Amino acid sequence: MAYKILVVDDEPDLEPLVLQRMRRQIRRGNYEFVFAHDGVEALEKLAANSDIDMVVSDINMPRMDGLTLLEQIPDVNSDIRAIIVSAYGDMENIRTAMNRGAFDFVTKPVDFEDLQITIDRTLEHIEQWREAVSSRDQLVALQNELDVANQMQQSILPTVFPSGPAYASFGAMTPAKDVGGDFYDVVRLQDDCAGFAIADVSGKGVPAALFMMSSRTLLKGSAIGAGDAGAVLTEVNNLICDDETNGMFVTMLYAIYNPRTGELTYASGGHDPPLVVHPDGTSDLLPLTGGIALGVLAGFEYGEHTVTIAPGDTVCLYTDGVTEATNLDGKLLGIEGVQDYFATAPPADAESASQEIMKVVFEFTGEAPQFDDVTCLTLRREA
Amino acid sequence: MAINAEREGGTVIAKADGRIDGSNAGEFQTDLQGVIQESDTALILDFESVSYISSAGLRVLLMTAKTLEGNGAKLALCSLSEPIREVFRISGFDNIIPIHDSQAEAAAAVSG
């Protein structure tokens with residue numbers, strides 16, 4: 001497409017001269033010219049032709065001079081670039097024009113070869129400028145999408161946690177700046193039982209957020225329908241494997257707590273094992289159940305394990321945002337970091353257990369950037 | 001992270017080192033794709049010098065395993081440090097990718 005160039009000069013001879021000397025560029029479809037004879041007419045032409053790319057303007061003209069025109073152009077369209085035509089050696093006007101935002105200048109009498117080089121250089125600059133603006137717009141759009149995904153991730157988290165006469169639970173998450181894929185969920189089941197899930201989707205950004213949303217929906221459906229913890233993960237895994245996952249997977253731990261017996265039955269799909277903190281501050285990691293991350297292997301049968309939670313014990317589910325929290329020295333917190341903290345300050349209840357895990361993580365990482373979502377879900381059987 | 005690959009017949013032995021995480025998983029994937037040929041029968045990944053692998057790195061291994069499976073080729077890992085071995089144990093990825101103590105053991109397993 002031809003670039004549209006507005007030439008502004010009160011000299012009536014200039015128009016035929018430009019058309020004649022630039023005829024090749026016009027014929028090839030590179031340039032298209034619009035003419036005006038003073039600043040006022042130039043502004044009218046700019047208003048009527050919103051597709052003008054650049055202006056070549058004389059300085060001394062009736063009604064409105066070129067220097068005043070220069071000041072007005074950005075109000076019409078800040079992407080337009082201008083070249084000023086000045087008398088040879090008129091450094092004062094050239095300096096004023098440059099200070100008012102002219103891109104370049106040529107001197108009279110006009111050397112058309114030089115004018116063409118200057119025009120091409122200006123157009124090249126305009127092209128680069130447009131590309132930069134378009135990349136920036138894309139970046140802003142992407143950032144907006146990520147913000148939406150981030151809000152989505154936050155908004156699906158439950159805010160009310162199961163509790164009963166002899167137990168309470170609580171969850172907390174601090175999302176990373178780039179959308180990660182952690183979530184937790186709670187499900188109320190028959191016979192006063194409650195289901196607790198915590199999960200971490202591989203990858204970041206919008207794809208991970210969408211994958212997380214669908215994993216969470218599948219989990220919710222299966223948790224209400226399928227029954228046992230292992231059976232729930234087996235079903236969710238098969239449903240995820242039915243879809244094209246593009247190599248994405250989700251680690252998930254699902255646990256069912258029976259408040260009548262204090263029994264916790266859990267199944268792990270490639271997720272970190274639960275930590276049980278005793279009232280005296282000692283703690284144990286529960287055994288893994290041998291399950292693979294969900295979305296990797298269709299038909300996998302997930303095993304489960306049952307433990308009895310003693311009165312006063314706190315069960316902590318967490319994601320690798322906790323264990324792999326990294327400080328400025330490059331050291332990992334590890335689950336040992338959390339265990340060390342609770343050794344001297346055992347949690348008083350489910351809510352403070354979650355909040356203290358977050359505190360331990362962020363006091364450890366200090367000024368270091370947060371790379372991953374930090375998420376935990378805690379359950380305490382009251383003493 | 002860097003990959004050093006040698007070929008012995010149809011078996012590629014690739015040594016990775018350093019951290020494999022979200023910041024270089026793409027590079028890791030490209031490098032692996034670069035060393036595998038369609039006619040290869042096996043890829044042995046020597047993880048002796050790998051200090052850390054995140055879920056983004058596991059995802060690359062999963063996709064590589066699928067590609068190899070499509071070619072009828074095998075994937076095996078060897079010489080994992082204990083923390084890395086733990087990542088494979090916790091994530092359950094040792095269910096789909098055989099893990100061996102040494103290159104020799106891995107080589108024997110993929111040729112068997």
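Here is a quick briefing on a two-chain predicted model, with chain B first, then chain A and the contact between them.

Since this is a predicted model, local features need pLDDT of at least 70 and side-chain atom pairs count only at pLDDT 80 or more, while totals for chains, interfaces and linings use all residues. Residues are numbered from 1 along each chain as its sequence is written, and chains are lettered from A, with ligands numbered from 1, in the order in which they are written.

**Chain B at a glance**

- Chain B has four helices and five strands; these are DSSP runs, with helices as H or I of at least four residues and strands as E of at least two, numbered from the N terminus.
- Going along the sequence, the pattern in chain B is β-β-α-β-α-β-α-β-α.
- Chain B has a radius of gyration of 13 Å, which agrees with the value near 13 Å for a compact globule of 112 residues. The radius is taken over C-alpha atoms, and the globule rule is 2.2 Å times the number of residues to the power 0.38.
- Along the principal axes, the C-alpha atoms of chain B fill a box of roughly 30 × 25 × 20 Å.
- Of the 112 residues in chain B, 38% count as buried. Buried means that 20 or more other C-beta atoms lie within 10 Å of the residue's own; exposed means 12 or fewer, partly exposed is in between, and C-beta atoms are placed from the backbone.
- Take the contacts in chain B between residues at least 6 apart in sequence: 73% of them join residues at least 24 apart. A contact here means that the C-beta atoms of two residues, placed from the backbone, lie within 7 Å.

**The sheet of chain B**

- Five strands of chain B make an open sheet in the order β1-β2-β3-β4-β5, with mixed pairing. Two strands pair if DSSP finds at least two bridges between them.
- In general, strands of a sheet pair through backbone hydrogen bonds, either parallel or antiparallel.
- The edges are β1 (2–8) and β5 (99–100) of chain B, each with a single partner strand, so one side of each has no neighbour in the sheet.
- Helix α4 (residues 103–111) of chain B lies across β2 (11–20), β3, β4 and β5 of chain B, at about 160° to β4(B). Axes are lines fitted to C-alpha atoms, for helices over the stretch in contact, and angles run from 0 to 180 degrees between N-to-C directions.

**Strand β4 of chain B**

- Five of the five residues of β4(B) are buried, so the rest of the structure largely encloses this strand.
- Both of its faces are covered, with B:Lys74, B:Ala76 and B:Cys78 buried on one side and B:Leu75 and B:Leu77 on the other.
- β3 (residues 42–53) and β4 (residues 74–78) of chain B run parallel and are joined by five bridges. B:Ala42 has B:Lys74 as its bridge partner, and B:Leu45 has B:Leu77.
- β4(B) also pairs with β5(B), in the parallel sense over two bridges, and B:Leu77 stands opposite B:Ile99 there.
- β3(B), α2(B) and β4(B) form a right-handed β-α-β unit, and so do β4(B), α3(B) and β5(B). Right-handed means that, with the strands pointing away from the viewer, the path from the first strand over the helix to the second runs clockwise.

**Chain A**

- Strand β4 (residues 81–87) of chain A is mostly covered, with six of its seven residues buried.
- β3 (residues 52–58) of chain A pairs with β4(A) in the parallel sense over five bridges, and A:Val55 stands opposite A:Ala82.
- Five bridges also join β4(A) to the parallel strand β5 (residues 104–108) of chain A, where A:Asp104 is the bridge partner of A:Ile83.
- A separate topic is the open, antiparallel sheet of six strands in chain A, ordered β6-β7-β16-β15-β12-β13. Its edge strands are β6 (163–164) and β13 (283–285), which each pair on one side only.

**Where the chains meet**

- 14 residues of chain B are in contact with 17 residues of chain A.
- On the chain B side, α2 (55–70) and α3 (82–91) are the elements that give two or more residues, and α2(B) gives the most, with six.
- The chain B side divides into seven nonpolar, five polar and two charged residues. Ala, Val, Leu, Ile, Met, Phe, Trp, Tyr, Cys and Pro count as nonpolar, Asp, Glu, Lys and Arg as charged, and the others, Gly among them, as polar.
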